[in-house]
Amino acid sequence: MRTSSNRTVAGFRQSRWFKMVWISPLVIVVLAAAVLGARGYLGSSAGQEFLADYPGQPPATEDTPSGFPWWLQWQHFFNFFLIFLIIRAGWMVRTQRTPEAYWTRTVGPRNRQNPPAKMSIYLWLHYSLGSLWILNGALFYILLFSTGHWRRIIPTGWDVFPQAFSAGLQYLSLEWPMESAWQHYNGIQLLAYFVTVFIAAPLAVVTGLRMSSVWSNHWKINRYYPVLLARAIHLPVMFYFVVFIFVHVLLVFTTGMRRNLNYMYSSQGQDAVNWVGFWVFVVAAIIVVAGWIAARPLFLQPVAQLTGKVTRR
């Protein structure tokens, strides 16, 4: 028994999780110091003057639309569903040494320059969901600019940076900045949504296309845009989305959960504080979990066979 226990302890010490034993207390100490520092600064006279000049929320222009229209709520759910499964499939592609199943294209043109593509079934899922995500994103851009809602997530002045810094300090001090997302976002929300929509998402698409089978190895642009560069960018972008989703969900639940969920999942107006949006969110989460469970070869094979041949290892 003692030998088995010693082996277990030795195995744990050699694992990557053992590092967390030392990192976790350090992270807690650093966060506690940051919270105390933020509270101390904001409570000082200099901090109060800074808050007076930069309360954390850039002023919105008069023509900035308010509220969350139905199409934005639908886009939010569909994007929520797709991005979770895209991340799962992408991570499986990266970590699986021996795929459980392979997909070979049987639909589409065939020639020497475009041979049938054979890939793991999780890579097929990653590409398929990515294609839907691109279509959903294209529709989002069209609706965003045609309705004027782009004004809600594109900064219009340089003061967004000190406003974002102010909002960040307030979050860090655990004294949440004043929320009025129905009208317009605070500085840190504005920058986060701008980066996500107009930088991270296009980077994910461009780098994903470069690594996909639709990209020809004979194109001259490959000299200036090598696949190694695309791979070096694609993974950090995925991590960015993971961090963004985590922080986004955390703040939704800690800065007025029922109101925020009503904004995203119901159409009851600015002041509606009830459980409608929460239960719609629960249904949406169940659908995402069901998709997560179904994203495995047993359930993917019938769908993948519509456009190709699926073989087991």
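This report describes the salt bridges, aromatic pairs and charge–ring contacts of the structure above.

The model is predicted, and local features therefore need pLDDT of at least 70, while side-chain atom pairs count only at pLDDT 80 or more and totals for chains, interfaces and linings use all residues. Residues are numbered from 1 along each chain as its sequence is written, and side-chain values use heavy atoms, with hydrogens and water left out.

**Salt bridges**

With a salt bridge taken as a side-chain nitrogen of Lys or Arg within 4 Å of a carboxyl oxygen of Asp or Glu, the count comes to two. They are set out below, with helices defined as DSSP runs of H or I of at least four residues, and strands as runs of E of at least two, numbered from the N terminus.

| Pair | N to O distance | Separation in the chain |
|---|---|---|
| R39 and E175 | 3.7 Å | 136 residues |
| R151 and D63 | 3.2 Å | 88 residues |

Both bridges link distant parts of the chain: R39 belongs to helix α2 (residues 18-43), whereas E175 lies in the loop between α6 (160-172) and α7 (187-211). In the other bridge, R151 sits in the loop between α5 (121-146) and α6, and D63 in the loop between α3 (45-53) and α4 (70-95).

Accessibility is classed with a 1.4 Å probe on protein chains only, where buried means under 20% relative accessible area, exposed over 50%, and partly exposed in between. On this scale R39 is partly exposed at 41%, as is E175 at 48%. R151 also counts as partly exposed, with 27% relative accessibility, and D63 is partly exposed with a relative accessible area of 46%.

**Aromatic contacts**

Rings of Phe, Tyr and Trp (its six-membered ring) are paired if their centres lie within 6.5 Å, and planes under 30 degrees apart count as stacked, over 60 as edge-to-face and the rest as tilted. The whole structure holds 31 such pairs. One of them joins F50 and F165, whose ring centres are 6.0 Å apart with planes at 75°, so the pair is edge-to-face. One aromatic cluster is formed by W71, F140, Y141, F145, W150, F194 and F198.

**Charges over rings**

A charge sits over a ring if NZ of Lys or CZ of Arg is within 6 Å of the ring centre and within 35 degrees of the ring normal. R152 lies over the face of Y185, at 4.8 Å from the ring centre, and R210 lies over the face of Y225, at 6.0 Å from the ring centre.
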